[in-house]
Amino acid sequence: MNSRVHDPFQLDVEAFAKDGATLQGQWPLSRLPRLDESVLRDATGHHEDVSWRVEGERREVRGGPTQTWLHVASGAKVMLECQRCLKPVMAPVAIERSFMFVHGEAAAAELDIDSEDDVLAFSRSLDVAELIEDELLLALPLVPRHEVCPEPLVASTAELPPDDTPHPFAALAALKKGKLPN
């Protein structure tokens with residue numbers, strides 16, 4: 001068993017996978033500032049922490065180089081604005097992704113085109129929090145909404161046209177009947 005300490009904010013993915021290591025924990029939402037800015041604050045300003053887990057893996061491939069993988073899982077419940085009633089709605093957001101790492105951006109781009117898996121290039125260090133934040137942002141619902149809104153939707157009377165407003169196609173109807181409007 002290797003006693004190497006792995007830092008999730010400056011992760012050496014190759015060493016992490018070689019060790020078959022696992023890291024997990026919870027971060028306050030404020031640790032992921034772009035995600036934090038994308039959600040609403042409740043009355044107390046409190047949000048559930050973001051739970052996360054990363055595992056490194058090396059896979060032997062018959063007739064090819066050993067592959068380096070990083071498996072990432074994360075989840076939280078965040079407050080968003082319902083797009084129907086514009087009231088806050090709690091939405092679960094979760095990801096479970098696997099990334100294969102290769103040497104060089106060109107190799108990553110080439111493999112990523114032909115592969116169903118996500119392929120990334122090795123870097124000096126990987127900020128796992130940033131990777132998780134990117135994936136959680138992509139996992140946010142496009143149109144958050146309640147299953148059933150807490151209050152019935154009521155159209156504002158200011159939005160309704162007055163009853164005496166002529167229909168926009170009244171002139172066309174009159175022309176069709178051979179009458180010209182005054």
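**Before you click**

This is a predicted model, in which local features need pLDDT of at least 70 and side-chain atom pairs count only at pLDDT 80 or more, while totals for chains, interfaces and linings use all residues. Residues are numbered from 1 along each chain as its sequence is written, and side-chain values use heavy atoms, with hydrogens and water left out.

**The whole chain**

Show everything as a cartoon. You'll find five helices and five strands, and along the sequence they follow the pattern α-β-α-β-β-β-α-β-α-α. Helices (H or I, at least four residues) and strands (E, at least two) are DSSP runs, numbered from the N terminus. Of the 182 residues in the chain, 32% are buried; that word stands for under 20% relative accessible area, with exposed being over 50% and partly exposed in between (1.4 Å probe, protein chains only).

**The sheet**

Now select the five strands. They form an open sheet in the order β1-β2-β3-β4-β5, with mixed pairing. β1 and β5 (118-121) stand at the edges with a single partner strand each, so one side of each has no neighbour in the sheet. On average, neighbouring strands are turned by 25° against each other, direction ignored. Two strands count as paired if DSSP finds at least two bridges between them. Axes here are lines fitted to C-alpha atoms, for helices over the stretch in contact, and angles run from 0 to 180 degrees between N-to-C directions.

**Strand β5**

Zoom in on β4 and β5, which pair in the parallel sense over four bridges. M100 stands opposite V119 in β5, and F101 has L120 as its bridge partner there.

**Helix α4**

Next, pick α4 (128-139). Contact here means heavy atoms within 4.5 Å. α4 has 12 residues and reaches 16 Å from its first C-alpha to its last, close to the 16 Å expected at 1.5 Å a residue; the expected span is 1.5 Å times one less than the number of residues. Its buried residues are V128, A129, L131, I132, E133, E135 and L136.

**The cores**

Select L11, V54, L70, V72, L126 and L136: these have the most contacts inside the largest nonpolar core, which has 35 residues. A nonpolar core is a set of buried Ala, Val, Leu, Ile, Met, Phe, Trp, Tyr and Cys residues joined through side-chain atoms within 4.5 Å. Its largest share, six residues, comes from β4. Apart from it lies another core of six residues, among them M100, A108, V119 and A121.

Then centre on V72. Leaving out residues up to four places away in sequence, V72 touches R53, V54, I95, E96, R97, F99, L131 and I132.

**Last stop: D36**

Finish in helix α2, where D36 is found. Is D36 buried or exposed? D36 is buried, with a relative accessible area of 17%. Not counting residues up to four places away in sequence, D36 touches L29, S30 and R41.
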